[in-house]
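Could you walk me through this structure in my viewer? I'd like to know what to select next and what I'll find there.

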Amino acid sequence: MDIQRRNNVTVTGNPHGPTVVLAHGFGCDQNMWRLTLPALVEDYRVVLFDYVGSGRSVLSAFSATRYASLSGYAQDVVDVCEALDLRGAAFVGHSVSAMIGVLAAQMAPERIGALVMVAPSPRYIDDEGYRGGFSAEDIEELLDSLESNYLGWSAAMAPVIMGNAERPELGEELANSFCATDPAMARVFARTTFLSDSRKDLKTVSVPTLVLECTQDAIAPREVGAFVHQTVPGSTLVTLDATGHCPHMSAPEATNEAITGFLAGLR
């Protein structure tokens, strides 16, 4: 199958500039980056895509076995990079995509030359000496709720994930994105996301890395940002003046400034 069609790949921006790949999080699609694009298109070639099972990807290509692990989503990234013959691209991953980017850089190091992690979490479940923000019981309850009533879960959880209660339209947009995702495929992606543990993989990162966290984030608390920063060799940590788990939507100016500043330093 044609990879660019399978993953609904879009290439825009400056064809002569360095390449930036934008990767969406759980329940989202490439449209969630629309407020970031204007900050990049003049100087960078920008690649957007949808993971199989999300957005306008080819849903018939979905495999519950392949996408039961983050490596399946990382293979999507590698496939897109290979289809476009990308070399040394900067990979910007939101939420779970930050860890997917780490895995993709392991799988095809020549394809990815830098990482930007937007609200990353290598493990959502608390562990001894590690605070992920959730107990194992919390996550099982979350997944049970999602699997029994996906639309109801989406309506209830989207505003929590987005934060910014004074701007309910943001939560509504995220809920609509969740609800537009096939429930069966969303269940697989959710279980893969919330049960993953990528802490050891962070130590393998050998490319310039920017970690972006928010002052308040119900999904990835500040302790997680500190852990990622401390574990990724030579990484830079920026705490955005933003709340919620989707700063590229709720605080695009601050997010874009941090991303473009980091990218400019790579040139």
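Select Glu-147 and Arg-191: their side chains meet in a salt bridge, 2.9 Å from N to O. Glu-147 sits in helix H5 and Arg-191 in helix H8, so this pair ties together parts that are 44 residues apart in sequence. Keep in mind as you click around that this is a predicted model. Side chains of opposite charge can pair when their charged atoms come close. Are these two buried or exposed, or partly exposed? Glu-147 counts as partly exposed, at 30% relative accessibility, and Arg-191 is partly exposed too, at 29%.

**Stop two: another bridge**

Now pick Arg-34 and Glu-173. They form a salt bridge whose closest N and O atoms are 2.7 Å apart. This pair links distant parts of the chain: Arg-34 is in the loop between strand E2 (19-23) and helix H2 (37-40), while Glu-173 is in helix H7, 139 residues apart. Arg-34 counts as partly exposed, with 35% relative accessibility.

**Stop three: loop to loop**

Next, select Arg-123 and Asp-197, another salt bridge, with the closest N and O atoms 3.1 Å apart. Arg-123 lies in the loop between E5 and H5, and Asp-197 in the loop between helix H8 (183-194) and helix H9 (199-202), so the pair ties together parts that are 74 residues apart in sequence. Arg-123 counts as buried because its relative accessibility is 18%, below the 20% cut-off. Asp-197, at 36%, counts as partly exposed.

How many salt bridges does the structure hold? There are 15. For a linked set, select Arg-6, Arg-66, Asp-76 and Asp-79, which are joined in a network of salt bridges.

**Stop four: a negative patch**

Which residues form a negative surface patch? Select Asp-126, Glu-137, Asp-138, Glu-141 and Asp-144 to see it. Asp-126 is in the loop between strand E5 (112-118) and helix H5 (136-148), and is partly exposed, with a relative accessible area of 34%.

Ala-119 counts as buried, at 2% relative accessibility.

Finish at Asn-164, in the loop between helix H6 (150-162) and helix H7 (168-180). Here, too, phi is near 55°, positive in a residue other than glycine. Asn-164 counts as buried, with 10% relative accessibility.

Notes:
Residues numbered from 1 in each chain as written. Predicted model: local features only at pLDDT ≥ 70, side-chain atom pairs only at ≥ 80, totals over all residues. Heavy atoms only, no water. Patch = residues over 30% accessible without salt bridge, like charges linked within 9 Å, V, L, I, M, F, W, Y side chains within 5 Å. Areas by Shrake-Rupley, 256 points an atom, 1.4 Å probe, with all protein chains shown as cover. Salt bridge = Lys/Arg side-chain N within 4 Å of Asp/Glu carboxyl O. Lys, Arg positive; Asp, Glu negative; His and termini not counted. Charge placed at Lys NZ, Arg CZ, Asp CG, Glu CD. Helix = DSSP H or I, 4+ residues; strand = E, 2+ residues; numbered from the N terminus. Buried < 20%, exposed > 50% of the residue type's maximum accessible area, 1.4 Å probe, protein only.
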